[in-house]
Every structure is written in structure tokens, then in C-alpha cells.
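Hi,

Here is the structure I promised to pass on. Please open it next to this message, and I will walk you through what turned up.

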Amino acid sequence: MPEKMLNFTETKEDELRRVRAALLNILEDTEEARREAVRERNKTMAIIENLTDGIFLLNNKNEVEIISPLVLDFFKKKKEEIIGKNIVDLFDNEELKEFKELLIDSKKGRINKVTKKEISIGQRMDIEVYTVFLEEGQEEGGVLIILHDVTRDKLIERMKTEFVSIAAHQLRTPLSAIKWTLRMVIDGETGDITSEQKELLEKTYVSNERMISLINDLLNVSKIEEGRFLYKQEMASLEEIVSIVVDSSQELLKMKKMKISFDRPKQILPQVNIDKEKMELVVQNLLENAVKYTPEGGEINISLEKDKNDIVFKIKDTGVGIPEVQKERIFTKFFRGDNVIRMETEGSGLGLYTTKNIVDAHNGKIWFDSEEGKGTTFVFSIPIPNQSIDQ
Amino acid sequence: MFKKILLIEDDKFLRELMSKKLINLGYEVVSAADGESGFIMIKETKPDVVLLDLILPGINGFEVLEKAKQDQEIANIPVVILSNLGQGEDIEKGLALGAKDFLVKAHFTPQEIVNKLKSILG
């Protein structure tokens, strides 16, 4: 019996020893896991601390857990004034009003879903904002707010458009001098000239006019990029605008022996809310293109009608058409079709870009249908404002 | 009586071209090369019409126009802006300040400008 007893004690001891070893092992694993977690955390923090973007990580109560240093610049606050605070309480500054309105749905007390929205903080910073919602299983997780500093990009963009605009104005002055001089000489105001001289100067005059119109195009583009292109919108009749453009193009059409027909709408169309001057430019660009890229003796048909919610303008020509492979690029800046560069040297590649931007700015749509060698139809639509549907 | 036209234009060559054109047509022409002297000339010479550039050294054309329209003595003299500015907001501003017309230099020939002046002079 004592022997058995002894045996039993030994077994117990062995077992304890084994348990202890196992525990130690577990402890060591835990410690390793803890160290690993700390390393991971340090790594994450190192990434966040060195980010050039501003980052907030909010927990599911909208309290700030982690921030990157740039955030301190946005709020002009110290780190300890931000961490642990509810995000809503951080917008105590008038400068941040726009930011707050974008980010927080104050009715529901929630963070809005935001993707690449641009806002400015006072006059000092322009930022792009994104929010990312983190989900933990079924539970609502935190929110990651990313602020991308675009101050410098915006500044360069502004400088660029300003430069184009100033350069264009400055270029107009010498061109005016050339225009005026040529006109006076051609008209014989400075004495007689031979018919050969006159012919040469007339051609020079036309070249100069091209230059002036190229500068107008550049000015329009710089306005588009400044985002203040539409100047004055008012209720007006599109039919009237089309008539003006068609009437003023008669000479051009005669010169190319082209026929134009304008199918006027059968009933009076509702007015639309437009910038008349810009809309005239749209119709004119489309008509000029049709004339330019249709061989002599061709035909152009214009129609205007009311669709369900839009006024729809169509212009169809029997011209050279747009090459299939280039159709996608037709509305991009400085684009010109391969086939037209060869036939017609004039053209800035800005007309359709400008046209599309104007139509877009009116919440309209523009598209086309074209077959090379047969012709092209351009169509644009401008929405009819609600009140005129009711009337 | 020949009608008197005041040109306020800082570019010497454009000023000469326009003067030549107007003198050939029998107008009396006086001119100024900056905003300050332009304003003084309006007061001193009392022209029948002013052709006013906008980008001028010293005070610009908008300011000249504004001052002229506030001055009882010369407020009635018609002013036509002849400039190479010409965006919507510039035109609106010029007309709101009391200009009779707004002509973009590069878009008009001297004859077309004269025709506009004729219609204003009656």
C-alpha cells in the first residue's frame, strides 16, 4: 500500500510539473502575442503618424480614437484636446462650419458618407474629404475620416487659369492692332493698293481672325476650369437662339453652296433656364462644325422638339463623319479627328469640349451618332424646369 | 460743328490708328493715355462721346467711368467702353456703371466702331 501511495505522489508531482510547464508555455505565447500586438500597434501608429493626409479614427460612439498629425493643423488644437472627444464637439470654430455641414448629419447625429468632396477651411486650406465605415461583423464599427490636403493643387490650378486669362487678354491687344491696320489698308484708307496686295492682305486678315477666335476659345476653356463659366441664367426660348445662329450663318453656308433646313417645332416650346450667350455658342459651334466638315454642296438639317422633360436640339449633316476609333475622345480638350486634320487646317480642338461643358452646366446631355463618310448627327437636350411643365 | 471724340487708350499704336480713322472722317479727336489724365480731359474738353479703355495705368477705366458718372458736370457725356476685357461680368459691370456700349477691340473693325459712335451721336 505505501508503495502505491508513493507512486501516487510521484504521479501527482509529475503532473504538476507538466501543468506548470504547459502554463509557462501558454504564458510565453501570450507574452509573445502581446509583444506582437504592440509591434503591430506601433507599426500602425508609425504609418498614421507619418501620413501626409489627415486621418481620424472614430469608435462607434463617434469619439476620436486615433488621429494623424495633420488633423492638428485643421483644428488648430493640441492632440489631448482631440483624442477621446466626440467629433461633433470639435467643430467650435467658424472656419470649420462648411466642414461640419459636410461631415455630420446633425439631425441624425451621424457621420455622412462622403467621397472626394472638396471644401475649404477658411481661406487657408483646401481639402478633399472621404469617409470610410468600418464594420465589425453585424455590429456597427467605427468610422475612418480621411482628409487629403489639396491646397497646393488648387493654388496651381488657379494660377494656371489666371495665367491663361491674362495671357489671352494681353494677346488680344496686338491682334487688335493688326486687325485694325489691315482693315484700314485693305479698305484703301491709307492710299491705293494693287489687287495682288489686297488679296494677300485679305488672307492675312483671315489668319488674324483665326488667331482671335482661338484666343476666345482659350478664354472660354479657362473660364470652364475656373468653374465660373455660366454667367447669367434666365428663362428664354431655345428656338429664338437657334434662329439667330442660323440666320447669321447664311453667308457661310452660301460660300460652301450648302443647303440648310430648320424644322421649326410645330407648337410653341416651353422656355428653358439658360445662359443665352453660352447657349448661342453651343448652337454656333455645332453648326460651324457641320459646315466645316461637310464637303461643298452638302446638306444640314436642324430640328428642335419637346421630349418628355427636355427640349431636344438635333443637327444632322452629310459630312465626313467621325472615325469609329476616335469616337470616345470627341469631347476632350484639344482633340481633333484624324480625318479632319487633313482636310481643314483651321480648328482649335476646343469647340466640342466647350460645347459639352456648357450643356453639362445646364444639366443637359449631349451625344452624337456618326458614320465615317456618310455624316454626323449631334443631339443635345436641355431640361425643362418644373414650373413650365405645370403651366 | 465737328463732333469731338475723346480717346482714353494706353496703347500708343491703337490710339494712333483710331485717331487717324476718326480724323479722316472729319471728327475732332482728343486723347489721353491713362485714367487720371483721361478723367481730367473729360472735364476740360467736354467731348461729345468718350471711347474708354479699361486696363489703364493708374486708375482703371471702370473707376474713370464711375467718377465721371458721379460728376454732375460731365455725367451726361456718353461713354463707350472699348477694351479687350469682355467676359460677362466685365460687360455687366461696365453697363451698370453707365456705359452706353461695351465693345471688345479684337471683335470690331475701326469702321464698325465708328458706326457705333455715329448711332450714339445721332
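In chain A, among contacts between residues at least 6 apart in sequence, 56% join residues at least 24 apart. Please keep in mind throughout that this is a predicted model. Chain A holds 11 helices and 14 strands, and 22% of its 391 residues are buried.

Strands 9 and 11 of chain A run parallel and are joined by five bridges. If you want to find that pairing on screen, look for A:D263, which stands opposite A:S303 in strand 11 of chain A.

Helix 8 of chain A covers residues 276-292, which is 17 residues. From its first C-alpha to its last it reaches 24 Å, close to the 24 Å expected at 1.5 Å a residue. Which residues of helix 8 of chain A are buried? They are A:K278, A:M279, A:L281, A:V282, A:V283, A:N285, A:L286, A:L287, A:N289 and A:A290. The elements that these buried residues pack against include helix 6 (238-248), strand 10 (272-274) and helix 10 (351-361) of chain A. Strand 11 (299-306), strand 12 (310-317) and strand 14 (375-383) of chain A are also among the elements they pack against.

A:K259 is found in strand 9 (residues 259-263) of chain A. Is A:K259 buried or exposed? A:K259 has 11 other C-beta atoms within 10 Å, so it is exposed, as 12 or fewer is the cut-off for that class. The C-alpha atoms of A:K259 and A:I300 are separated by 6.2 Å, although the two residues are 41 residues apart along the chain. A:L155 sits in helix 4 (residues 151-186) of chain A. A:L155 is exposed too, with 11 other C-beta atoms within 10 Å. Between the C-alpha atoms of A:L155 and A:M125, 30 residues apart along the chain, the separation is 9.9 Å.

Now to chain B. Chain B has five helices and five strands, and along the sequence they follow the pattern β-α-β-α-β-α-β-α-β-α. Of the 122 residues in chain B, 37% are buried. Residues 24 or more positions apart account for 59% of the contacts in chain B with a separation of 6 or more. The mean pLDDT of chain B is 92, and 99% of its residues reach 70 or more.

The five strands of chain B form an open sheet in the order 2-1-3-4-5, with parallel pairing. Strand 2 (28-32) and strand 5 (101-104) of chain B are at the edges with a single partner strand each, so one side of each is left without a neighbour in the sheet. Neighbouring strands of this sheet are turned by 20° against each other on average, direction ignored.

Within that sheet, four bridges join strand 1 (residues 4-8) to strand 3 (residues 49-52) of chain B. B:L6 has B:V50 of strand 3 as its bridge partner. B:V50 also stands opposite B:V79 in strand 4 of chain B, and three bridges join strands 3 and 4 of chain B. Strand 4 (residues 79-83) of chain B is mostly covered, with four of its five residues buried.

Lastly, the two chains together. For the complex, the predictor gives an ipTM of 0.89 and a pTM of 0.60. How many residues of chain B are in contact with chain A? There are 15, and they meet 17 residues of chain A. Helix 1 (12-24) and helix 4 (88-96) of chain B are the elements that give two or more residues to this side of chain B. Helix 1 of chain B provides the largest share, five residues. By type, the residues on this side of chain B divide into six nonpolar, five polar and four charged.

Best wishes

Definitions and conventions. Residues are numbered from 1 along each chain as its sequence is written. Chains are lettered from A and ligands numbered from 1 in the order in which they are written. This is a predicted model: local features need pLDDT of at least 70, side-chain atom pairs count only at pLDDT 80 or more; totals for chains, interfaces and linings use all residues. Two residues are in contact if their C-beta atoms, placed from the backbone, lie within 7 Å. Ala, Val, Leu, Ile, Met, Phe, Trp, Tyr, Cys and Pro count as nonpolar, Asp, Glu, Lys and Arg as charged, and the others, Gly among them, as polar. pLDDT is the predictor's confidence in each residue, from 0 to 100. A residue is buried if 20 or more other C-beta atoms lie within 10 Å of its own, exposed if 12 or fewer, and partly exposed in between; C-beta atoms are placed from the backbone. Two strands pair if DSSP finds at least two bridges between them. Axes are lines fitted to C-alpha atoms, for helices over the stretch in contact, and angles run from 0 to 180 degrees between N-to-C directions. The expected span of a helix is 1.5 Å times one less than its number of residues.
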